[in-house]
Amino acid sequence: MVKKRFFTIALIFSSIGCATGCATAGAGSYDTLHSDFERASPGARGGGGEGAKQGFGTVLDRTAFVQAVLCQNPTIESARQGWRAALSRVRQAGAFDDPMVDLGLAPLSLARARTRVGYEVALSQRLPWFGKRSSEAAAASAEAEAAKSDFEATRRALMLSALGLYDQYYVAVRSLEINAQHVELLRQLRSSAALQFESGRGSAQDPLQAEAELAHTEHESAVLSAQRDVTVAQMNELLHRPPEHPLPPPPKELALLKEPQGLDVKRLESQAVTGRPEIAAARQRARAEQARADRAGREYFPDFTVSTSYNSMWDMPEHRWMVGLGFNLPLQSGRRGGTADEAEAMRAQFENDARRMEDAARTQVFILMRQLDESKHVLSLFEERLLPVARNQVDAARASFISSRSPFSAVIEAEKNLRSAERDYQMARAECDRRRAELGIALGRFASLDCKGGER
């Protein structure tokens, strides 16, 4: 009868370690975070970027390029695995220790035929003080939330890099096209200058000046070609491909990213603070440290160990089955106090980091708003005044040279001004586009620009 009661209680002890160890305080949070983690996998976001492996077609679309980068770049998977590691710690936190079984045997009793075999069996389970497990699980859950925010911050930083490189690629290709057009124009001007000289209406220096400017423009084309190849190599790095892998050309016109609607500075500053994953990560880590501080405060209370044992060697059967309760005496306050102080200091550090990043986010939005206004003003100047004037200057200078009313140097100067204006215009468009992208990402937008989404 006593043995039957002992083994019944032993079964109960074993159930404590299994059932409560599996159902930790962070189980609900873990399920939610795990669902988010599964949705962030490359397969769930659109098949692992097969478009990047098979090519982009005849034209490199910006959205397709950014999606391919977000699907193919190892940095994304590295950040996701960091999130996975933090998520795995949620399952570990707050779990009970395994029950302990102690077995004892009296070996000399085996040698005596008439002596009953002597043995002792004990089972024990450590039970932490109330609240320790939940605090530990809360800290792990907050760290997993922070890792999720780190993953989102990595995605957005990579998105911004991809958009910036795409704009550089567009400018390089368009600049090469502009230079090629001007090489052809300078060849025509060289021929015109030679004809003028042969007819006695020009100077022998005019064809030489055209030839010198033509050589300079061809040199610029070589420099621009090298810049384009460097940009392609950097884009291939983001795509996790060999640097020499060719890319199709961008479209003829760069479609500017959509501008955020409702450009009220105060509202956008507030939106930037709430939408930045870096700020969210700092706040979540502060929450984790607060949970650790709470856990350290409970270290001043003892943990209990409940146990039951059966010893066959007691003469009186009533003494063979024992139950016990053990607990530690938390007398060493130095370690416990230091742990609490460390957690409080780390919490304060992360909270101040979050405040610093909030200030930086507001400032960044304000600056980007002003820079975007400047870029739009510059674009309008190019489109409405600078480009038309530069084109008219070339036509007027050529007509005046042919009619011998102005020197050939005026034609060369007008051509250089037009070439510079056309290239500066393409760079201004790319700069405006980059600032729109930076503003959108600073506000936490373009989040749907993943393997399945598009710009918003």
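Predicted model: local features only at pLDDT ≥ 70, side-chain atom pairs only at ≥ 80, totals over all residues.
**Entry 1: counting salt bridges**

I began with a search of the whole structure, and the search returned 35 salt bridges.

**Entry 2: Arg-62 and Asp-433**

I looked up this pair and found their side chains joined in a salt bridge, with N to O at 2.6 Å. Where do the two partners sit in the chain? Arg-62 belongs to helix 4 (residues 62-72) and Asp-433 to helix 11 (residues 408-442), so the bridge links distant parts of the chain, 371 residues apart. Then I checked accessibility, for which buried means under 20% relative accessible area. Arg-62 has 6%, so I noted it as buried. Asp-433 has 0% and is therefore buried.

**Entry 3: Arg-292 and Glu-143**

Here I found another salt bridge between side chains, at 3.2 Å from N to O. Arg-292 lies in helix 9 (residues 277-297) and Glu-143 in helix 6 (residues 132-198); they are 149 residues apart, and the pair links distant parts of the chain. I wrote down that Arg-292 is partly exposed, at 33% relative accessible area.

**Entry 4: Glu-211 and Arg-190**

My next pair is a salt bridge whose closest N and O atoms are 2.5 Å apart. Buried or partly exposed: what is Glu-211? I found Glu-211 partly exposed, at 36%, and Arg-190 is partly exposed at 29%.

**Entry 5: a network**

I also came across a network of salt bridges, and among its linked residues are Asp-97, Arg-126, Lys-132 and Glu-136. Arg-295, Glu-299 and Asp-303 belong to that network too.

**Entry 6: helix 5, length and faces**

I tested the length of helix 5 (residues 74-92) next. At 1.5 Å a residue, its 19 residues should span 27 Å, and the end C-alpha atoms are 27 Å apart, so the two agree.

Which residues of helix 5 are buried? I listed Ile-76, Ala-79, Arg-80, Trp-83, Ala-86, Leu-87 and Val-90. Looking down the axis of helix 5, I saw why they belong together: these buried residues fall within an arc of 120°, so they line one face of the helix. The spacing makes sense, because an α-helix has 3.6 residues a turn and residues three or four places apart point the same way. On the other side of helix 5, I found Ser-78, Arg-91 and Gln-92 exposed.

Last, I looked just after helix 5, where Gly-94 takes a positive phi of about 80°.

Technical notes:
Residues numbered from 1 in each chain as written. Heavy atoms only, no water. Salt bridge = Lys/Arg side-chain N within 4 Å of Asp/Glu carboxyl O. Helix = DSSP H or I, 4+ residues; strand = E, 2+ residues; numbered from the N terminus. Buried < 20%, exposed > 50% of the residue type's maximum accessible area, 1.4 Å probe, protein only. Expected span 1.5 Å × (residues − 1). Arc of directions from axis to C-beta.
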